[in-house]
Amino acid sequence: MSRFFDDLETRSADERAASQASALSAQVARAQALPGYGGSLSGVDVAAISSVEDLAALPVLRKSALVEAQGAAYPFGGLTTRPASGFAHIFQSPGPIYEPGDTSHDWWRMGRFLNACGIGQGDIVQNCFGYHLTPAGMIFESGARAVGAAVLPAGTGQTELQARAAHDVGVTAYAGTPDYLKIILDKAEAMGLSLKITKAAVGGGALFPSLRQEYADRGINCLQCYATADLGNIAYESDAMEGMIVDENVIVEIVRPGTGIPVAPGEVGEVVVTTLNPDYPLIRFATGDLSAVLPGESPCGRTNMRIKGWMGRADQTTKIKGMFVRPEQVAALVAKHDEIAKARVIAGRDGEMDVMTVQIEADETSPDHYMQSVIDTLKLKGRIEIVAKGSLPNDGKVIDDQRVYE
């Protein structure tokens with residue numbers, strides 16, 4: 001097995017930028033022709049969209065808009081370049097949201113991650129992701145096929161049978177949620193069955209350091225990826241285990257929650273992804289997840305951008321005094337005043353009453369200067385605190401609900 005999945009992983013920054021420039025223009029042109037975008041990309045000069053910086057001028061596509069589009073045109077909302085009958089699979093995720101799938105080579109780009117896990121020819125992967133309706137099972141099976149590994153399509157549940165199959169078949173690798181592998185290992189131990197699993201490719205949940213260490217103590221190298229049903233693989237760990245390396249066929253931006261405005265390098269924000277899959281051209285698709293760019297290149301030799309991994313949810317909509325306050329409202333407050341660097345709404349309690357505090361990073365010294373803007377944009381009165389620039393936490397939060405209910 002090759003250390004790298006292909007030569008794309010070790011390209012120079014200039015080579016990658018040049019390749020992405022032509023691919024990005026073509027992808028925006030495909031999306032522009034699709035009815036599901038509802039004209040939101042009309043008038044865009046696709047030739048001028050050739051870099052991640054150029055993407056910032058385009059609207060963000062949110063999952064709520066995806067649901068709305070699919071409601072008007074089942075099953076894919078007019079966002080695919082092929083009809084539903086032209087795909088190998090049609091999946092359903094909670095919402096419901098329908099996603100296409102295909103059997104062409106590494107369609108979800110999961111082979112790159114499995115290769116980084118050391119999985120390849122000679123391996124048998126026990127795939128414990130679900131195969132019914134949701135795409136996770138097929139996403140990882142497609143990746144296993146791309147690296148030449150055999151698959152035991154185990155799905156979820158029936159742990160005793162899972163342990164027995166892993167033993168009888170000689171499974172060498174696991175794919176599934178981080179915690180389910182431990183259940184299989186413990187069951188096999190209780191049944192007196194020895195297993196040959198030495199590699200694990202996990203996703204769909206938190207991989208806590210203590211759990212990773214337990215697997216390591218059992219001789220299993222466990223790495224995780226960041227993927228969604230809509231986008232496929234977005235980023236993945238390598239054996240360096242320093243952040244997550246962005247896949248070669250997506251473009252990742254980190255933006256201020258509730259907006260499409262890119263944050264400063266290293267600042268926590270919402271992950272927005274543009275996929276270069278020509279069958280399903282999602283442009284600036286907001287994942288709702290928080291992360292940040294990790295500077296530099298991975299010690300493993302892969303040269304693409306890295307992110308720090310999952311750091312929480314960007315959708316921080318909170319009800320205060322019976323009114324919803326949304327991240328986009330906080331962004332609108334910042335946009336009203338050039339001198340505001342950042343703002344943060346804190347929801348608290350005073351006795352039995354909700355209280356709202358708006359912290360503003362600015363040089364202005366008078367809180368009253370912003371009172372009317374707060375009322376106009378947030379639709380609520382609250383206490384305003386002026387804080388020093390750079391003093392608000394770099395955690396991606398623009399709304400912090402500190403209320404405790406007992």
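Colleague: Which residues of E10 are buried on one side, and which on the other?

Modeller: In a regular strand, side chains alternate between the two faces of the sheet. In this predicted model, Val250, Val252 and Ile254 lie on one side of E10, while Ile251, Glu253 and Val255 lie on the other, and all are buried. Both faces of E10 are thus covered, with six of its six residues buried.

Colleague: How many bridges pair E10 with E11, and in which sense?

Modeller: Six bridges pair E10 with E11, and the sense is antiparallel. Within that pairing, Val255 has Glu270 of E11 as its bridge partner.

Colleague: What is the order of the strands in the open sheet?

Modeller: The open sheet has nine strands with mixed pairing, and the order reads E4-E3-E5-E6-E7-E8-E9-E14-E13. Strand E4 (150–153) and strand E13 (293–294) are at the edges; each has a single partner strand, so one side of each lacks a neighbour in the sheet. For a parallel case, consider strand E3 (residues 124–127) and strand E5 (residues 173–176), which are joined by three bridges. There, Gln126 is opposite Tyr174 in E5.

Colleague: Arg284 carries a charge partner to be identified. With which residue does Arg284 form a salt bridge?

Modeller: Side chains of opposite charge can pair when their charged atoms come close. Arg284 forms a salt bridge with Glu253, and their closest N and O atoms are 2.9 Å apart. Arg284 belongs to the loop between E11 and strand E12 (285–291) and Glu253 to strand E10, so the pair ties together parts 31 residues apart in sequence. Arg284 counts as buried, at 0% relative accessibility, and Glu253 is buried as well, with a relative accessible area of 4%.

Colleague: Where do Glu270 and Arg62 lie, the two residues of another salt bridge?

Modeller: Glu270 lies in strand E11, and Arg62 in the loop between helix H2 (52–55) and helix H3 (63–72), so this pair ties together parts that are 208 residues apart in sequence. Their side chains meet at 3.1 Å, N to O. Glu270 is buried, with a relative accessible area of 2%, whereas Arg62 is partly exposed, at 27% relative accessibility.

Colleague: How many residues apart are Arg164 and Asp168 in helix H6?

Modeller: They are four residues apart, about one turn of the helix, and both lie in H6 (residues 159–169). Arg164 is partly exposed, with a relative accessible area of 36%.

Colleague: How many salt bridges does a search of the whole structure find?

Modeller: The search finds 32. Some share partners: Asp6, Glu9, Arg109, Arg112, Asp247 and Arg302 are joined in this way into one network.

Terms used:
Residues are numbered from 1 along each chain as its sequence is written. This is a predicted model: local features need pLDDT of at least 70, side-chain atom pairs count only at pLDDT 80 or more; totals for chains, interfaces and linings use all residues. Side-chain values use heavy atoms; hydrogens and water are left out. Two strands pair if DSSP finds at least two bridges between them. A salt bridge is a side-chain nitrogen of Lys or Arg within 4 Å of a carboxyl oxygen of Asp or Glu. Buried means under 20% relative accessible area, exposed over 50%, partly exposed in between (1.4 Å probe, protein chains only).
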